[in-house]
Amino acid sequence: MKNVITGMVGHGFYNRNSAPQMAAIAHVLPWLEEACSSLPLDDGAPAIGLADFGCSEGRNSVAAMTPLVAALRRRSSRAIQTIHSDLPTNDFAPLLAALRPGGQSVFADPLTSSAIVGGSMFDRLLPPQSIHLACTFNAIGFLSRRPVERLDGYILPNGPSALRNVGKVSREDRALFARQAAQDIERFLQARAEELLPGGKLLVEVFGAGETLRTCDGIYDVLNDALLEMIDEGHIDHETYADYFQPVYFRTLDELTASVRGPDAPLAGLFQIDRAETYEIAVPFVETFRETGDVQPYARDYTNFFRAFTESALRKGLAAHPQCDDLVPDIYRRAERLVAEHPERYPFHYIGIAMLLTRKSGA
Ligand SMILES: C[S@@+](CC[C@H](N)C(=O)[O-])C[C@H]1O[C@@H](n2cnc3c(N)ncnc32)[C@H](O)[C@@H]1O
């Protein structure tokens with residue numbers, strides 16, 4: 001299947017602009033550390049396997065795995081293997097450089113080795129029953145396919161924020177995206193169920209939507225406003241705008257857990273839910289702005305943050321335009337200017353949703 005994005009902005013840009021994602025990971029790391037203390041380790045697999053799906057350039061992936069490798073090492077002298085996976089088009093170069101600095105494992109453990117695996121997380125990528133603990137952070141909201149060809153009223157299936165309220169997504173289109181997101185999570189869980197050993201743990205964490213706040217609010221509003229400005233000034237037409245949208249869906253916790261929650265859920269035979277939570281994290285650039293009131297660095301950091309994960313789809317959407325290479329940076333310049341001029345229009349909150357699952361034995 002053709003993937004709908006190529007990855008994040010590469011050459012270290014994602015690594016430099018993903019502190020909020022790391023804060024969202026830090027919230028659930030204690031869940032994983034606790035899981036490491038009770039994982040069954042009495043199997044015959046050649047190594048204790050840890051896998052991260054959607055690792056991007058890897059800084060956050062390595063940071064997340066470091067305490068887990070240490071926790072497992074306290075329990076076992078077996079070899080450990082960390083696996084870092086993302087789309088084949090992802091820029092793996094920074095991660096390749098980071099995994100063995102000075103010829104030694106970044107995990108400071110001679111019996112730990114690491115591997116990079118390219119492929120879609122919606123497919124089985126690893127040998128059956130080879131993994132003890134799998135995770136995915138801030139990634140599963142990226143859909144496996146576009147369930148509609150175009151969205152002509154907004155650039156994201158979840159629609160605009162209640163505060164800004166510029167744009168519209170029809171109820172029918174919204175339902176198609178929700179269904180796609182549900183199918184994606186089922187495919188992801190089925191693939192991981194094959195790879196995990198019985199009793200193995202799976203942590204699924206992603207940006208999402210709470211009762212009132214959503215991680216998409218603010219960031220997609222300002223990107224949408226920048227595009228509308230380009231239309232007003234005649235740089236792009238409405239058709240181009242409608243052909244482009246971000247193939248990302250912001251789930252609620254109920255949507256994330258639906259396929260495993262309750263005895264009648266389709267995958268309830270594969271996994272049990274240990275815990276699940278919706279939470280908000282403090283976003284570093286928002287906190288700094290609150291303290292200093294300095295709007296220019298805030299607008300820059302805010303824009304670089306969402307540029308890192310939106311540019312790939314935006315480039316794809318504008319690829320047929322003869323001036324695509326000039327338009328893309330212009331759109332982000334406009335977005336940064338809009339945030340600096342009207343920070344009150346685009347407040348940003350990072351809502352994480354997460355579930356920790358145990359692979360049941362038998363099924
Ligand atoms: C926002 S980044 C998250 C990176 C890292 N996990 C973190 O939390 O900082 C999302 C990642 O998901 C990856 N991704 C999107 N769709 C994917 C798929 N179908 N299979 C594997 N990775 C995918 C993207 O390439 C990107 O690197």
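**Helices and strands in a predicted model**

Mentor: Let's start with a helix pair: the axes of α10 (residues 295-318) and α11 (residues 324-341) come within 9 Å and cross at roughly 150 degrees. Keep in mind that this is a predicted model.

Trainee: OK, and which hand does the crossing of α10 and α11 have?

Mentor: That crossing is right-handed.

Trainee: What's in the contact of α10 with α11, by class?

Mentor: There are 16 nonpolar residues in it, plus three polar and six charged ones.

Trainee: Switching to α2. How far apart are its end C-alpha atoms?

Mentor: They are 29 Å apart. Helix α2 covers residues 19-38, so at 1.5 Å a residue its 20 residues should span 28 Å, and the two values agree.

Trainee: Where does α2 bend?

Mentor: At V28, by about 40 degrees. A proline, P30, follows within four residues.

Trainee: And V28, is that buried or exposed?

Mentor: V28 is buried. Other buried residues of α2 include I25, L29, W31 and L32.

Trainee: On to strands. How many residues of β4 are buried?

Mentor: Seven of its seven, so to speak the strand (residues 131-137) is mostly covered.

Trainee: Which strands does β4 pair with?

Mentor: One is β1 (residues 48-53), in the parallel sense over four bridges, with A51 opposite A134 in β4. Another is β5 (residues 196-207), also parallel, joined by six bridges. There, I131 stands opposite L196 in β5.

Key. Residues are numbered from 1 along each chain as its sequence is written. This is a predicted model: local features need pLDDT of at least 70, side-chain atom pairs count only at pLDDT 80 or more; totals for chains, interfaces and linings use all residues. Side-chain values use heavy atoms; hydrogens and water are left out. Helices (H or I, at least four residues) and strands (E, at least two) are DSSP runs, numbered from the N terminus. The expected span of a helix is 1.5 Å times one less than its number of residues. The bend at a residue is the angle between axes fitted to the seven residues ending there and the seven starting there. Buried means under 20% relative accessible area, exposed over 50%, partly exposed in between (1.4 Å probe, protein chains only). Axes are lines fitted to C-alpha atoms, for helices over the stretch in contact, and angles run from 0 to 180 degrees between N-to-C directions. A crossing is left-handed if the near helix is turned anticlockwise from the far one by less than a right angle, and right-handed if clockwise. Ala, Val, Leu, Ile, Met, Phe, Trp, Tyr, Cys and Pro count as nonpolar, Asp, Glu, Lys and Arg as charged, and the others, Gly among them, as polar. Two strands pair if DSSP finds at least two bridges between them.
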